[in-house]
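Subject: A structure for you to look at

Hello,

Here is the structure I promised to pass on. Please open it alongside this note, and I will walk you through what turned up.

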Amino acid sequence: MPSISKVRFTNVVYDNGNKRYIDSTFRFDGHNGILLLENGAGKTVFVQTLIQAVLPHKMVANRKIQETLQLSNNIAHIAVEWVLAEQPKRRYGLTAVSLFMNSNNELASQRFALEYAGDAFSLAKVPFTQQEAGRTRPASKEEMAAWCRGQVLRPVMELKSAYLEEKSPGSLERLMENDYQQGVLDF
């Protein structure tokens, strides 16, 4: 069964702009984890944000993500790296979403998923931040779309078919809902 290796939040702003994850990575390495925070410190925000990388636009605790995060004139990047298999070589899957408000002030997103083995790729290599004039800023939706198009990624449907044929116990297919079944890029 897939397990979480790492979670990365970039430019996740909440609590009316008073709290934020600038570019934070949380390491689980396939182990169980626990969030120990005071009441009101953001446990539900953390879980709701994490869920967006698998089930974009889903509500948690009767909260819409656009009501939880500051997304007006802002973009939030969320990614989960999954351990799909340990043997014969460790295999990873990545599900990610960039959330923003579109020109009609409606929640919109860019989504992608990919698989890789060993050290061929890592969550840290996803360019959710950019350097500009000596400062780090969040990558725009256009920059993320360009990066995704420049990757050599197998479409999710191919991955899904390959796993169904292999009957792999830890497959990316288990991580995906209908939102990801059209392919790696969904812009």
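A word on terms before anything else: contact means heavy atoms within 4.5 Å. This is a predicted model, in which local features need pLDDT of at least 70 and side-chain atom pairs count only at pLDDT 80 or more, while totals for chains, interfaces and linings use all residues. Residues are numbered from 1 along each chain as its sequence is written, and side-chain values use heavy atoms, with hydrogens and water left out.

Let's start with A117. Not counting residues up to four places away in sequence, A117 touches K89, R90 and R91. A117 sits in strand β5, residues 107–117 (strands are DSSP runs of E, at least two residues; helices are runs of H or I, at least four; both are numbered from the N terminus). With a relative accessible area of 29%, A117 is partly exposed; that label covers what lies between buried, under 20%, and exposed, over 50%, using a 1.4 Å probe and protein chains only.

Now for R8, which belongs to strand β1, residues 3–14. R8 counts as buried, at 4% relative accessibility. Its side chain reaches the backbone oxygen of L123 at 3.0 Å and the backbone oxygen of V126 at 2.8 Å. Leaving aside neighbours within four places in sequence, the contacts of R8 include D23, H77 and F128.

As for the whole protein, there are 4 helices and 7 strands, following the pattern β-β-α-α-β-β-β-β-β-α-α along the sequence. Of its 187 residues, 46% count as buried.

Best wishes

Key
Polar contact = N/O pair within 3.5 Å; in protein donor to acceptor, adjacent residues only side chain to side chain.
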